[in-house]
Amino acid sequence: MQNPVYLNIENVESLKNRVSTPTFDRDKVMTSIAHIGVSNFHRAHQAYYMHELMEKHGGLNYGICGIDLLDADRKIYNVLKDQDGLYTLIVKDANESDHVKIIGSIVEYFFGPENPMAVIERLAHPDIEIISLTIAEDGYHLNEITGEFDQENPVVAEDVKNPFYPKTVFGYLFQAFKLRKSRGLTGCTILSCDNIKGNGDTVKESFFNYVNKIEPEFLSWLKENTTFPNSMVDRITPLTRSEDIDTLKNNFLIDDQWPVVCESFTNWIIEDNFFHERPQWEKGGVQFVEHIEFYDKMKLQLLNAGHTILGILGTLQGYKTVSEAANDEDFMYFLKTYMDEEVIPVLDKAEVHLVEKYKSTLITRFKNPFIYDSLSRICDESSTKVPIFILPTVKAQLSKDKVIDRVAFVIAAWCKYYDGVDDQGKAYKVSDSISNVLIRRATQSQQDPIKFLEIESVFGDLNTNPVFIEKYVRYLHHIRERTIKDCIKDFNVNLL
Ligand code: CS2
């Protein structure tokens, strides 16, 4: 048997009979996008779109410089460095076989903890026209109660005190734009690609708040020299498993240290608000719109909330993946009625056909048995996800005196989730930056159920709403007494 071929620029040519490899000349690619946060999601989404543009429409001016800023990202940095930025994308559809493609759009790579000045210089380089971000919900340092930039956050406060050695994205951006100005250059577009409502507006506000704290007189230049388009990004991208690496080795003879698996569905909608001429992404299926709000809400409150719900309920049952939970008819019926009765009524009525289409595609996507999307990935850092994906539904429904049964049930189940043991008696790991608080409050809630709702940084003042409390307390009682499956079954017939 042949040995697998190590993926790098020298060997990629030899793989072209086995899988799709870049056909464009990577030496001719110019870098004009700096992307911070080279996650699996970025590699399945934006980097894929850029690759397609280069392959099919000659977009060689838009190569990506990948940048990571966290110590935890050292592994991906080393892998991409060794592989010359190349990696394998394995696209798995529910009905088709895998499509395997070597992606070549990341042509440079920088690592902040190793050389922060090099990152700042690269961000400040006149060739860079777009700085895009995938830094996850917690990278924005938002205060959960006010939804505003949290200047008290210890990492932010550290950067404010010591702005020349930044740790946060905002600290790096500030230094880079200062350099641009001092060199007589213009600014550029900052494009957030995270699951946050109004992600462009959010990053703009956070960044301007940060700068205001350090050097308010710099703001007027910044305002004239930057744009922050809002965008909605969508492609389910699980964590890479060792099985994926082995399959590539055994079936395709490719030795890739960190391939990416994703579903075939992909969607990217962006507000057309760029500082420079932008890539012709529409040629690759990107939709440009004037206002993102509707698409944002639809995606966050249906897909991401749907994930979180399957994550919480499924974990309590003992399921391990989204597709296991989604293929359980009781769980899926619960989720569908949640969408129909508690989310869709608060979305724009004029777009009902779009919403219905999105919902039904979503159900097929969740059920895709070839995507091993672990419930632990979904539940990680839920304290930053629930306020963005689920609580807006609670607020919108409460403000109109509409049904909140399922959403209250989910929050009650979320409290039980922190007991850390499923209905099969197996313990699971909770991973959250405030896990101590969540676990302590969930334990206290066994005596006094409201204790969990009193985590102000997550729930704001929801603990004072009698309508919500009544339902949450009732459901928590049921959930603690019986298995989640039994509760859901009864709930589906007759509420509880
Ligand atoms: C997931 C998202 O992190 C999560 O909780 O819901 O990563 C989701 O898979 C993507 O947003 C899909 O577009």
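User: Hey, how many bridges join strand β4 to β5, and which way do the two run?

Analyst: Five bridges link β4, which covers residues 87-92, to β5, and the two strands run antiparallel. Keep in mind that this is a predicted model.

User: Okay, and which residue stands opposite I90 over in β5?

Analyst: That's V100.

User: What sheet do β5 and β4 belong to?

Analyst: An open sheet of three strands, in the order β5-β4-β12, with mixed pairing. Its edge strands are β5 (99-103) and β12 (260-263), and each of those pairs on one side only. From one strand to the next, the twist averages 25 degrees.

User: Which strands does helix α2 touch when it packs on that sheet?

Analyst: Helix α2, residues 46-57, touches β4 and β5. The direction of α2 makes about 85 degrees with that of β5.

User: And where does helix α9 lie?

Analyst: Helix α9 (residues 242-252) lies across β4, β5 and β12. Relative to β4, α9 runs at about 95 degrees.

User: Switching topic: is β8 mostly covered or exposed?

Analyst: Mostly covered: five of the five residues in β8 (residues 188-192) are buried.

User: In what sense does β7 pair with β8?

Analyst: Strand β7 (residues 130-133) pairs with β8 in the parallel sense, over four bridges. In that pairing, I130 stands opposite T189 of β8.

User: How many bridges are there between β8 and β9?

Analyst: Two, and β8 and β9 (residues 226-227) also pair in the parallel sense. C188 has T226 as its bridge partner in β9.

User: Now helices. At what angle do α6 and α7 pack?

Analyst: About 70 degrees, with the axes of α6 (residues 169-182) and α7 (residues 199-214) 10 Å apart.

User: So are they roughly parallel or roughly perpendicular?

Analyst: Angles from 65 to 115 degrees count as roughly perpendicular, so α6 and α7 are roughly perpendicular to each other.

User: Is the crossing left-handed or right-handed?

Analyst: The crossing of α6 and α7 is right-handed.

User: Which residues make the contact?

Analyst: On the α6 side you have F170, G171, L173, F174 and F177. From α7 come V203, S206, F207, Y210, V211 and I214.

User: How many of those are nonpolar, polar or charged?

Analyst: Nine nonpolar residues and two polar ones make up the contact of α6 with α7, and there are no charged residues in it.

Technical notes: Residues are numbered from 1 along each chain as its sequence is written. This is a predicted model: local features need pLDDT of at least 70, side-chain atom pairs count only at pLDDT 80 or more; totals for chains, interfaces and linings use all residues. Side-chain values use heavy atoms; hydrogens and water are left out. Axes are lines fitted to C-alpha atoms, for helices over the stretch in contact, and angles run from 0 to 180 degrees between N-to-C directions. Angles under 35 degrees count as roughly parallel, over 145 as roughly antiparallel, 65 to 115 as roughly perpendicular and the rest as oblique. A crossing is left-handed if the near helix is turned anticlockwise from the far one by less than a right angle, and right-handed if clockwise. Contact means heavy atoms within 4.5 Å. Ala, Val, Leu, Ile, Met, Phe, Trp, Tyr, Cys and Pro count as nonpolar, Asp, Glu, Lys and Arg as charged, and the others, Gly among them, as polar. Buried means under 20% relative accessible area, exposed over 50%, partly exposed in between (1.4 Å probe, protein chains only). Two strands pair if DSSP finds at least two bridges between them.
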